[in-house]
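Here are my notes for your read-through, in numbered points.

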Amino acid sequence: MKENDIKRLWGAESEPDSGITKKINDLIEDTAKLKAGHELESMRPMKIFAMIIAVFWVTGGIYLISNYFVFDPVKFPLMFTVSASVQIGLVLIALLIYLRQHILISQVDITEPVAAAQQRISELKTSTLLSARVLFLQLPVWTTFYWNNTIFENWEWYQWFIQITFTLLFAAAGLWLFFNLKYENRDKKWFRFIMGGSEWDPLMKAWDILEEIKDNNLNAAGR
Amino acid sequence: MNKFNKESFFREIAGSHKGIFYKVARTYCAGSPGEQEDLIQEILLQVWKSIDKYNDSYALSTWLYRISINTAISYYRKHSRISQANVRVESESGYGGTPPDNSEQERISLLMKFISELGEVDKAIMLLYLEEKTHAEMSAILGFSVSNIGTRIGRIKEKLKIRFLESEK
């Protein structure tokens, strides 16, 4: 098909008919009446729900741990407190990273040229992966929080062997995921398995867009 | 800009450039009128929110294309269901100007399908090219160099030609 044919085909449907025009006019009126939305409008209810749970989790955890320290400093279970502190600390860090990225994304100026705006949004979007990586670091503390004085005094060597093996495996898995859950591995099967849910689609698409923009820039630089 | 001026300016620019919103939505949500409507609504919302940032150093259409394409790409990123699978060869959209005959309609649907298979940035390049924008205008909207855009258009046209040839076999 020749170039002119393609343009002619495009032109054959390039103007909205009266039905679409009326619909767009209605939308213009709706928008003018509705005024601007708020920043959280782009977030799905599930994400907002997850964030509320995370905030409650962190607040409740800090309250519980500080109570142990303040009101019962002698009897507090050391390993529980240490494990819970690490876990809550990591959730807090992940939550702050996630919130910061969302705020920065909402502040990107979309009146900028497309390449600049999309590169900034996509880079911020892909960096939300950092919050997932940080959360994987908590894996080992889920195998230590129940250690208490009874265990330390009564366990046999083989019980400790099994316990330590699990803890080391979880620690290795957490560290490995923290260091390997990144762009370079996105085509690996294990990566697709972990990040395969629809929740991660925007991240995958952000990477595609980044590649496309970089490809365009490389083409320009290569000449 | 006060509230009344903002509203009237919004109505004026949105009303006189609705073709831009429609074409961007058609390019990025081909084959799904419902999604096109959602996208147009999102674009209008973004135009409303950005209206205080408008300055006349660029043509109004350049500014609106930037917002529309940026919003469309972000919309694509957020909505996992949008894909080329939504585009069927037989036209089902029911929009457009004078209804073309069946074979013409089929070719238009093929063109929309092939455009929907392009990457998100290439879609924008093709849209602006088909709208007969100059390379300088495209550069101002997209932020790529003029020479880069020329190269890119050549590649996209080649891709489309190959896809049309394949479909004729």
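1. About 6,000 Å² is buried between chain A and chain B, and carbon and sulfur atoms give 59% of that area. The model is a predicted one, and the totals for interfaces use all residues. The size of an interface is often given in this way, as the accessible area lost when the parts come together.

2. In terms of residues, 56 from chain A are in contact with 74 from chain B. Between the two chains there are 14 residue pairs in polar contact, counting pairs with both members at pLDDT 80 or more.

3. Which helices of chain A supply at least two residues each to the side that touches chain B? They are helix 1 (3–12), helix 2 (18–34), helix 5 (114–127) and helix 10 (201–221). Helix 10 of chain A gives the most, with 13 residues. By class, this side of chain A has 23 nonpolar, 13 polar and 20 charged residues.

4. Side chains of opposite charge can pair when their charged atoms come close. Between chain A and chain B the count is 3 salt bridges. In one of them, the side chains of Asp109(A) and Lys53(B) meet at 3.6 Å, N to O.

5. Over all chains, the structure holds 16 salt bridges. Among them is a pair within chain A: Asp26(A) and Lys22(A), whose closest N and O atoms are 3.1 Å apart. Both residues lie in helix 2 of chain A, and they are 4 residues apart, about one turn of the helix.

6. Within chain B, helix 4 (residues 60–78) and helix 6 (residues 120–130) have axes that come within 10 Å and cross at roughly 145 degrees. The crossing of these two helices of chain B is right-handed. On helix 4 of chain B the contact is made by Tyr65(B), Ile69(B), Ile73(B) and Tyr76(B). Helix 6 of chain B brings Glu120(B), Ala124(B), Leu127(B) and Leu128(B). By class, the contact between these helices has 7 nonpolar, no polar and 1 charged residues.

Note on methods: Residues numbered from 1 in each chain as written. Chains lettered and ligands numbered in written order. Predicted model: local features only at pLDDT ≥ 70, side-chain atom pairs only at ≥ 80, totals over all residues. Heavy atoms only, no water. Axes fitted to C-alpha atoms, helices over the stretch in contact; angles between N-to-C directions. Left-handed = near helix turned anticlockwise from the far one by under 90°. Contact = heavy atoms within 4.5 Å. Nonpolar A, V, L, I, M, F, W, Y, C, P; charged D, E, K, R; others polar. Buried area = accessible area lost by both parts, 1.4 Å probe. Salt bridge = Lys/Arg side-chain N within 4 Å of Asp/Glu carboxyl O. Polar contact = N/O pair within 3.5 Å; in protein donor to acceptor, adjacent residues only side chain to side chain.
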